[in-house]
Protein chains: 2
Amino acid sequence: MNSTEIQLKSRPAGIPTTDDFETVTISLNEISEGDILVKNLWMSVDPYMRGRMIDRESYIPPFQVGKALEGGAIGEVIESKNPAFPVGSHVSSMMGWRSHFVSNGEGLTLLPRTELPLQSFLGIMGMPGMTAWAGLFRVAELKPTDTVFVSAASGAVGSVACQIAKMHGCKVIGSVGSDEKASLLKELGVDAVINYKTTENLSQALAEVAPEGIDVYFENVGGEHLEAALNNMNQNGRIAVCGLISQYNATEPQPGPSNLSLIIIKRLKMQGFIVFDHWDHYGEFAKQMGSWIAEDKIKWEETVYKGLEQAPDAFIGLFEGKNKGKMLVKL
Amino acid sequence: MNSTEIQLKSRPAGIPTTDDFETVTISLNEISEGDILVKNLWMSVDPYMRGRMIDRESYIPPFQVGKALEGGAIGEVIESKNPAFPVGSHVSSMMGWRSHFVSNGEGLTLLPRTELPLQSFLGIMGMPGMTAWAGLFRVAELKPTDTVFVSAASGAVGSVACQIAKMHGCKVIGSVGSDEKASLLKELGVDAVINYKTTENLSQALAEVAPEGIDVYFENVGGEHLEAALNNMNQNGRIAVCGLISQYNATEPQPGPSNLSLIIIKRLKMQGFIVFDHWDHYGEFAKQMGSWIAEDKIKWEETVYKGLEQAPDAFIGLFEGKNKGKMLVKL
């Protein structure tokens, strides 16, 4: 049995290019007792993967040049010598970027049989949805009276964060990079949307749509966004730092905001988080999100690239704003 | 009755100079029923006062040009028509930078009769001591197993923070601006002291003295110090942002640290605080600090300038590293 996999060919300098990736066919061993053979159906590309392409110590080891990349994936069990994973069952894994893989089941999650589309477990019901939920409730301690600012607000995490905050009773402001994305967010009920690409002064634009100030900033972007948010934060405001996508492809260190003293003046709390640290709350999240979906209270978008060979383009597209909602690859 | 007071003559650009201050004699009204006349004996100069010289919205209104400055002071009641404040009693107030003042007692605190020197209520028993205590316990959630880094470690706040953390069982590292201050801190039992002025690479110096990493950073300085601390923080580390003295005299916005993404990777919490928000815990602090002093477990230094007319020099000296421990003016 062969598997096609995408390997890291070289560590990107700046925005990755397709030359940094290589498609390789490898042969898989026959499965042994306790093993399963999985055929991937969907895989996820996420901004955090850019960080793993850098050779540095982090919360997760860096990708290795000449080895297959990794990431969230949904697959079907097509051969099984493990009764916990019968043929035909669906599993989520971190074994993305490849067509097939052999596993003893370790680190795999059997997906429940639901009416939800399989790929939702890579999006709204998966890591991005859980990230939005954990950031708002477990990091930013969201209150119904808060005014919330979400950057990259039409992305996989941002669009869910916006809707959760709205359901919680908050006023929500989002920033996006196109008028099309802005319209999309407006349809989701977001109170005000700023297209940062056509806005001259982000800080002033925020002040105009949130004259009462911002209580919670869900940070996905960094740079000018963070500086603008700091300028508009209210006393005792909370910043949940989920991502800093504006920095990920920087080839030189990018200076931080020049208004950090506002952290003291306004007694702000700025806290970084990684969704995996909150994974023991996944059941709580899934129950809540499942009922929001069942009640048709939450919507999600997907941008789908077709074919494993499109995965590098899908990944690179994340940094070019090509996705609305969750960026996925359908194998 | 006349009072000599120091007024803000002009808003400083960069490091304040004596030209930004003016000594003025004013005449005070006779005291009415309920009033007292106070003669100041000691006054405090503190780095935060630099922020009040800027005309901007903050947690406390800016100083006004042509008006007397304000700040912590200890005085003696020399005339009284208010039974709560008999002649001869000592009061602490925010009416520093002047020789005498009339008050109806509002905002004044009658000092307890203790064996402590009066001026300790401007230092170890007052705002700076309380700042160290609140920052460590109420913001940074100090644990005995923490390795703690304190910047401006020989200052009024820093030197107390170092000693409290040591008593709590922590390993403590301090940064100072001279070898003399370093010796002083060593005598206080601090585990390692870095003279940042003679250190080429602060981040590397920190890594050498704290190879196990830093759990709590008590931030008084900002700039390079914050960047070095971020590089050395452990996972789930906490940064209590008390002050950013390296930024206070900047004439242009100073960029923040270029390694802010470590806040995510290391899941750091960075929180600004103002001691006044924690003042309802003063009783708890004073009881604890009083017993540490009684048991001779804590020491403090004072740098004293003599005469009200020296107050501007004392204040300016804060930004030139001229103080060991609390900077005071004895009237």
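This is a predicted model: local features need pLDDT of at least 70, side-chain atom pairs count only at pLDDT 80 or more; totals for chains, interfaces and linings use all residues.
Residues are numbered from 1 along each chain as its sequence is written, and chains are lettered from A in the order in which they are written. Local features need pLDDT of at least 70, side-chain atom pairs count only at pLDDT 80 or more, and totals for chains, interfaces and linings use all residues; side-chain values use heavy atoms, with hydrogens and water left out.

**Domains of chain A**

Chain A is assigned domain 1 (2-123 + 300-330) and domain 2 (127-276). The bounds come from an automatic or database domain assignment. The centres of the two domains, taken over C-alpha atoms, are 28 Å apart. Domain 1 brings 20 residues to the contact and domain 2 brings 15 residues; contact means heavy atoms within 4.5 Å.

UniProt, in an unreviewed entry, lists residues 17-329 of chain A as "domain: Enoyl reductase (ER)". Such annotations may be inferred rather than shown by experiment. This span is 25% helix and 24% strand, and its end C-alpha atoms lie 17 Å apart. Helices (H or I, at least four residues) and strands (E, at least two) are DSSP runs, numbered from the N terminus.

**The two interfaces**

Buried area is the accessible area (1.4 Å probe) that two parts lose on being put together, summed over both.

| Interface | Buried area | Share on carbon and sulfur atoms |
|---|---|---|
| Domain 1 and domain 2 of chain A | about 1500 Å² | 64% |
| Chain A and chain B | about 2400 Å² | 66% |

A salt bridge here is a side-chain nitrogen of Lys or Arg within 4 Å of a carboxyl oxygen of Asp or Glu.

**Chain A against chain B**

Here 28 residues of chain A are in contact with 28 residues of chain B. In chain A, A:Ile264, A:Ile265 and A:Arg267 lose the most area to chain B, together 26% of what that side buries.

Two salt bridges are counted between the chains. One of them joins A:Asp277 to B:Arg267, with the closest N and O atoms 2.5 Å apart. Helix 7 (262-265) and strand 13 (269-272) of chain A each supply at least two residues of the side that touches chain B. Strand 13 of chain A gives the largest share of that side, four residues.
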